[in-house]
Amino acid sequence: MSDSVSPSSVTAPAEAGATGVLASRRRAGWLRQIAPLLAALAGVFLGLLAGAVLILLSGADPVAAYLAMFQGAFGGRRALMETVLKTTPLLLMGLGLTVAFRGQVWNIGGEGQYLMGALAGAVVGLGLQATLPPALVIPLMLLAGLVGGALWAAVAAFLKLRFQINEIISTLMLNYIAEYWLLYLVRVPLKDPESFLPQSAQLARSVRLPTLGDTRIHVGFLIALALVPLVYLLLWKTPLGFRIRAIGASQTVARYAGMSVSRGIVFALLFSGALAGLTGIMEVSALHTRLKAGILGGYGFSGILVALLGRLHPVGVLVAALFFAALTIGAQTMHSVYGLPMALAQVIQGLVVLFVLAADALARRWMMTR
């Protein structure tokens, strides 16, 4: 009996093993690609599940309450219109904060930048509406809103670069200054003399943002949608976007590579401030029609949640803005039908964000071990 082994009998198991390893790696690579999406979906599901427990504790049927919420957000033309209107400011704020957060610039001052953009744009509109044609006034108002928000963010950028003051603290404090500054202006120098209320004069109908057809949806929604691919191109297809992401990954490495970290920080803050300011003047021009208390709408902090839930990706931010808008609008129906508090929608939003971030962290840890 011969003890020789043929080459084919040796290579066959080895080839089978190699094929198995390759197949395993392909499966792992495929799972790595969809793991973030699965983690986000799982986080949303768990957040809604936790919200269902709260609804149950409030004495209502969670399934019926969620159905009422869905019907309130998407059940009919008026519901859809209100959801789109709410999506617009959330999307704009979220896109601006996405650029900032990608660079590890934690801009918490969206509310102040929103107010300063609204103030600058409204002052331009009120000052020019009687002398210039609307086709010229409206772009100037939007430009003033951009500049107003960017300049307010520039204050935080200066404090950070000149005195090393953390932008979280400075932008947060600037929110209060902006809010009380606006309240003073609408009570004294900008107060409408024909009104007893603390509010400015009203923008003329001709200089308000045009609406789409016979709906209340204004062109600001189209502008926000157009910014989704533009922000994506900025972050992933331009040298500037690469520098911002590199600074966000590691400022030390970015400096070693010869990048100007200061310029990246300034751009990230000014860009997010400009979009917040644009959001402010759009909301005033299209919906509020004048400066007054209560124009804020909480978009500054909601924009942070939208950016985080959207995983700092423009498409994800679009989905998150629509989701948050639907929750907010749908909560009104839930409130009117079941008497549940409006604040419950904000609690559910917070729970969803927490669970999505937790699921994302677990998914990243899993991918690192593979």
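I started at Gly103. Leaving aside neighbours within four places in sequence, Gly103 is in contact with Ile244, Ile247 and Gly248, where contact means heavy atoms within 4.5 Å.

Before going further, a note on ground rules. This is a predicted model, where local features need pLDDT of at least 70, side-chain atom pairs count only at pLDDT 80 or more, and totals for chains, interfaces and linings use all residues. Residues are numbered from 1 along each chain as its sequence is written, and side-chain values use heavy atoms, with hydrogens and water left out.

**Gly103, continued.** I placed Gly103 in the loop between α3 (77–102) and α4 (110–128). Helices here are DSSP runs of H or I, at least four residues, numbered from the N terminus. Gly103 counts as buried, at 4% relative accessibility; the cut-offs are under 20% relative accessible area for buried, over 50% for exposed and partly exposed in between, with a 1.4 Å probe and protein chains only. I also checked Val231, which is 128 residues from Gly103 along the chain; their C-alpha atoms are separated by 14 Å.

**Positive phi.** Most residues other than glycine have a negative phi. I looked up two that go the other way. Gln164 has a positive phi of about 60°, and Thr289 has one of about 65°. Gln164 sits in the loop between α5 (134–163) and α6 (167–187), while Thr289 is in the loop between α10 (261–288) and α11 (299–309). Which of them is buried and which is exposed? Gln164 is exposed, with a relative accessible area of 66%, whereas Thr289 is buried at 9%.

**α5 length check.** Gln164 follows α5, so I checked that helix too. Its 30 residues should span 44 Å at 1.5 Å a residue, and the end C-alpha atoms are 43 Å apart, which agrees. The expected span is 1.5 Å times one less than the number of residues.

**α11 against α13.** α11 packs on α13 (residues 343–369) at an angle of about 30°, with the axes 10 Å apart. Axes are lines fitted to C-alpha atoms over the stretch in contact, and angles run from 0 to 180 degrees between N-to-C directions. The two helices are therefore roughly parallel, a label for angles under 35 degrees. From α11 the contact is made by Leu305, Leu308 and Leu309, and from α13 by Val352, Val353, Val356 and Leu357. By class I get seven nonpolar, no polar and no charged residues; Ala, Val, Leu, Ile, Met, Phe, Trp, Tyr, Cys and Pro count as nonpolar, Asp, Glu, Lys and Arg as charged, and the others, Gly among them, as polar.

Key
Parallel < 35°, antiparallel > 145°, perpendicular 65-115°, else oblique.
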